[in-house]
Amino acid sequence: MTSPTAYPGRPAAPAPGAPMPERRIARVHTHARRLFWSAAVLVAAAGAVGYFTGNLPNPLQDWMLWAAAALVVLLLVVLPYLRWLSHTYTITTRRVIEQSGAFGRRRSELSHARGYTIVERRGPLQRLWGAGTLVLSNGVDEPLRLVNVPTVRLVHEVLSDQVEVSQILAHRDAPWDGATVPVDADRSSRA
């Protein structure tokens, strides 16, 4: 049995006491503007190789040009791209997960049910690109920093909604110990 929903296409809330499956809401990388210089180097390397192939002075050969271009592309294009690609922020219905590292993985998590404060910081360039940094702090653990998140306002809203929904579900599913008496029950016992 599930609770009815007024919005078609929206997942139904589970029945009280039923486990809610964890679903991925969003997976984001840092803003891609940091790859601008890598793209510029790739274009410049391709242009230089195209122009100088067959036009090199006598002691130099074409394979040397191609090897140098490959090394430049590897160091200044491929490695920064892999570094950018391996750093993700995942928002699920239960938690926020930060993962980074191509070879050795580093992972940080923060649960929505525990609740946390969200601080949004946006510099002038971040405002220009619609990005920002979110700092999530629950007051106990080390704050989780989501740096240069694209569409930061939307991510901020999603996180706020998830904290609210998780706390509502946690209170709804909490066991009732009978120590606290509902207000209506107290009035009916006096009558």
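**Overall fold, nonpolar core and helix pairing**

The chain holds five helices and seven strands. Helices (H or I, at least four residues) and strands (E, at least two) are DSSP runs, numbered from the N terminus. The elements run β-α-α-β-β-β-β-α-β-β-α-α from the N terminus on. The model is predicted: local features need pLDDT of at least 70, side-chain atom pairs count only at pLDDT 80 or more, and totals for chains, interfaces and linings use all residues. Residues are numbered from 1 along each chain as its sequence is written, and side-chain values use heavy atoms, with hydrogens and water left out.

Of the 191 residues, 27% count as buried. Buried means under 20% relative accessible area, exposed over 50%, and partly exposed in between (1.4 Å probe, protein chains only). Contact means heavy atoms within 4.5 Å. Among contacts with a separation of 6 or more, 49% join residues 24 or more positions apart.

The largest nonpolar core has 16 residues. Such a core is a set of buried Ala, Val, Leu, Ile, Met, Phe, Trp, Tyr and Cys residues joined through side-chain atoms within 4.5 Å. Val96, Tyr116, Leu134, Leu136, Leu146 and Leu159 have the most contacts inside it. At least two residues come from each of β2 (88-92), β6 (131-137), β7 (144-150) and α4 (152-173). Helix α4 gives the largest share, four residues. Beyond its neighbours within four places in sequence, Leu159 touches Ile91, Val96, His112, Tyr116, Ile118, Leu134 and Leu136.

Thr133 lies in strand β6. This residue is buried, with a relative accessible area of 8%. Its side chain makes a polar contact with the side chain of Gln126 (3.3 Å). A polar contact is a pair of N or O atoms within 3.5 Å; within protein, one must be able to donate a hydrogen and the other to accept it, and residues adjacent in sequence count only if both atoms are side-chain atoms. Leaving aside neighbours within four places in sequence, the contacts of Thr133 include Val119, Arg145, Leu146 and Val152.

Helices α1 (residues 36-52) and α2 (residues 62-85) pair with each other. Their axes come within 9 Å and cross at roughly 170°. Axes are lines fitted to C-alpha atoms, for helices over the stretch in contact, and angles run from 0 to 180 degrees between N-to-C directions. The two helices are therefore roughly antiparallel, a term for angles over 145 degrees. Residues of α1, including Val41, Leu42 and Phe52, meet residues of α2, including Leu65, Trp66 and Leu76. The contact comprises 14 nonpolar residues, one polar and one charged. Ala, Val, Leu, Ile, Met, Phe, Trp, Tyr, Cys and Pro count as nonpolar, Asp, Glu, Lys and Arg as charged, and the others, Gly among them, as polar.

Terms used. Angles under 35 degrees count as roughly parallel, over 145 as roughly antiparallel, 65 to 115 as roughly perpendicular and the rest as oblique.
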